[in-house]
Amino acid sequence: MTSEARVARVANVARGTTEPVDGLGGTAGREPARLVTDAGSGMTIEVAPHRCFACGALNEHGIHLDLHVDGDRCWTELALADRFQGWDGIAHGGIICTILDEVMAWSLAATDNWGLTARMSVDFKRPVRLGVPIRGEGWITRVRRRLVETAARIVDPVNGDVLATATATYVAADAERKAELQARYRFRLTPAVADPRPDGGPA
């Protein structure tokens, strides 16, 4: 990507608290809200702590993905822990599908869109080893009214080997449902804040 986004866990600026979303579980004050700085669009996405298995800060059993968005693309880097094992030393295929689904779903975020997965197809190219850094990347390929088509891949960030690929179709929420979800998760798009680091480099 030409411009990378920075993800940081920060306090809910609007409320001045670190409370979880009402009704979504968790302990107040344990985890701050997620602030995603979208360098491509110059917008930030603020989401209160929640229990999503893939990206939720309050799910003690989850993957806890740090998601970065840049325009209509999303990426994450991580090394999977032993608890996500399938065969000995290898990540479970369902976990790989979850990561692919999440980066594709978040690729819709900077377009102020919300969608549910309607269908998804995955090709497993090579085993994903536990404890080894991997990179998940997702992007929008086509938008047809309320249907958003996406693609994704998981790669070895060291040598570029493709470990898994996917395509998916998401059904975008209508205006009423989107407003309901945005209120529940305290979601909002705001102008990007200035990077506090002098050089603007990685944290």
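How many aromatic pairs does the structure hold? In this predicted model, the structure holds two aromatic pairs. One joins phenylalanine 53 and phenylalanine 84, and it is edge-to-face because the ring planes stand at 85°, with the centres 6.3 Å apart. Phenylalanine 53 sits in the loop between strand S3 (43-47) and strand S4 (68-70), while phenylalanine 84 belongs to the loop between S5 and H1, so the pair ties together parts that are 31 residues apart in sequence. The two partners can also be described by their accessibility: phenylalanine 53 is partly exposed at 33%, whereas phenylalanine 84 is buried at 6%.

The other pair brings tryptophan 114 together with tyrosine 185 in a tilted arrangement, 6.3 Å centre to centre and with 40° between the planes. Here the loop between H1 and strand S6 (115-124) provides tryptophan 114, and the loop between helix H2 (175-184) and strand S10 (188-191) provides tyrosine 185, so this pair links parts that are 71 residues apart in sequence. Tryptophan 114 is buried, with a relative accessible area of 18%; tyrosine 185, at 21%, counts as partly exposed. A further ring, that of tryptophan 75, has arginine 135 lying over its face, at 4.3 Å from the ring centre.

Beyond its neighbours within four places in sequence, leucine 100 is in contact with Met120, Val122, Ala152, Arg153, Ile154, Ala164, Thr165 and Ala166.

Glutamate 102 lies in helix H1 and counts as buried, at 10% relative accessibility. Setting aside neighbours within four places in sequence, glutamate 102 has contacts with Cys52, Ala54, Cys55, Leu65 and Leu67. Threonine 169, in strand S9 (residues 162-172), is buried too, with a relative accessible area of 8%. Its contacts beyond four places in sequence include Leu116, Arg119, Leu147 and Glu149.

How far can the model be trusted? The protein averages a pLDDT of 77, and 69% of the residues score at least 70. Over residues 1-33 the pLDDT stays under 50, although the model has 86 contacts beyond four places in sequence for this stretch. Residues 194-203 are also below 50, with six contacts beyond near neighbours in sequence. Where pLDDT is low, the predicted coordinates should not be read in detail.

Notes:
Residues numbered from 1 in each chain as written. Predicted model: local features only at pLDDT ≥ 70, side-chain atom pairs only at ≥ 80, totals over all residues. Heavy atoms only, no water. Helix = DSSP H or I, 4+ residues; strand = E, 2+ residues; numbered from the N terminus. Buried < 20%, exposed > 50% of the residue type's maximum accessible area, 1.4 Å probe, protein only. Contact = heavy atoms within 4.5 Å. pLDDT = per-residue confidence, 0-100. Phe/Tyr/Trp six-rings, centres within 6.5 Å; stacked < 30°, edge-to-face > 60°. Lys NZ or Arg CZ within 6 Å of the ring centre and 35° of its normal.
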